[in-house]
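Please find below a short note for a colleague working with this structure.

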Amino acid sequence: MLIDLAKKLDQAAADATSIAQLSSTTQLSLDDAYKVQKISIEQRLNRGEKLVGYKMGFTSKAKMIQMGVDDLIWGRLTDAMMIQDGGSIDLSKYVHPRAEPEIAFRLKKPLSGIVTKEEAYDAIDAVAGAIEVIDSRYQNFKFSLSDVIADNCSSTGFVVGPWHSPDTNIGGLSMILKVNDAEVERGSSKDILDHPLNSLIEAARCVAQYGESLQAGQIILAGAATAAVALKPEQTISTEIEGLSPCQFSTSNNSNSQASK
């Protein structure tokens, strides 16, 4: 059953079509949901994609309120999800995409299980500003906690800006998301579990619960500091994070884009 659900989600993502929430017909435990996520991503890895990291979700009060949940969750990142800084995405390949500002870590050594702040800090190779593109495969962008976990926590793409030294201050930074140079959301890196480093610590713990570990060279998205913003054609999405370099991407104009519906 879990394999069938994973294939259903994988096909929905590949076709950019929405499906009914899994919870409408199937009761999934959180363990089951993470199994579905893993199997679904494995479909993509079997097609040649490579695992390049992990993303944390629901790490801010804004996201918890927006999505109606209060649990920390995580998903996987592959190389096919990477969007070049300054690049463009075609909205016809998405169902109802949204963007949110993030802080990214790049690791120089593995992290697994319960780690201290000192161990987490020592594992950081670099930090950067980032933008995550989320895109639930569920109808009307509505889902239960198990639904969103199974759907890779809605993670679909990400842009990472220029990397900075690991000793760069990332605590209490102003984080602004702009659309066509107009500010649409503002938050603080303090909104990410009080400090983004706490999200990295949680990432090591969370993935270890399912037999995985954060590896050297991987990218970890710490979580959004603001609510997500819906994307439309012909937009330039950028983030300005205090003390870090900005990054951006644009959306192509496609009249058939489901994102405009």
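**Notes on the predicted model**

1. Strand 12 (residues 236-241) and strand 13 are paired in the antiparallel sense through four bridges. Helices (H or I, at least four residues) and strands (E, at least two) are DSSP runs numbered from the N terminus, and two strands pair if DSSP finds at least two bridges between them. T239 stands opposite C247 of strand 13. The two strands form a hairpin with five residues between them, and G243 in the turn has a positive phi of about 85°.

2. As to provenance, this is a predicted model: local features need pLDDT of at least 70, side-chain atom pairs count only at pLDDT 80 or more, and totals for chains, interfaces and linings use all residues. Residues are numbered from 1 along each chain as its sequence is written, and side-chain values use heavy atoms, with hydrogens and water left out.

3. Strand 13 (residues 247-252) also pairs with strand 4 (residues 88-90), here in the parallel sense over three bridges. The bridge partner of I89 in strand 13 is T251. C247, F249 and T251 make up the covered face of strand 13, while Q248, S250 and S252 make up the uncovered one. C247 is buried, with a relative accessible area of 3%; buried means under 20% relative accessible area, exposed over 50%, and partly exposed in between (1.4 Å probe, protein chains only).

4. N152 is buried at a relative accessible area of 3%, and S154 is buried with 3% relative accessibility.

5. How many disulfides does a search of the whole structure find? The search returns zero, a disulfide being a pair of cysteine sulfur atoms within 2.5 Å. C153 is buried, with a relative accessible area of 5%.

6. The largest nonpolar core has 53 residues, and those with the most contacts inside it are V36, I73, F105, L111, L200, L214 and I220. A nonpolar core is a set of buried Ala, Val, Leu, Ile, Met, Phe, Trp, Tyr and Cys residues joined through side-chain atoms within 4.5 Å. Elements that each supply at least two residues of this core include helix 1 (2-15), helix 2 (30-46), strand 5 (98-107) and helix 6 (196-208). Helix 6 gives the most, with seven residues.

7. I220 touches Y54, I103, A104, F105, L107, L200, A203 and L214, not counting residues up to four places away in sequence; contact means heavy atoms within 4.5 Å.

8. The largest pocket holds about 400 Å³ of space. Of the 18 residues that line the largest pocket, A13, R44, A80, K93 and T156 are the closest to its centre. Helix 1, strand 4 and strand 7 each supply at least two residues of the lining. On a 1 Å grid over the protein atoms alone, a pocket is an open set of points where a 1.4 Å probe fits, with protein on both sides within 12 Å along at least five of seven lines; lining residues have an atom within 4 Å of a point. Grid points are joined across faces, edges and corners, and the volume is the space filled by probe spheres set on the points.
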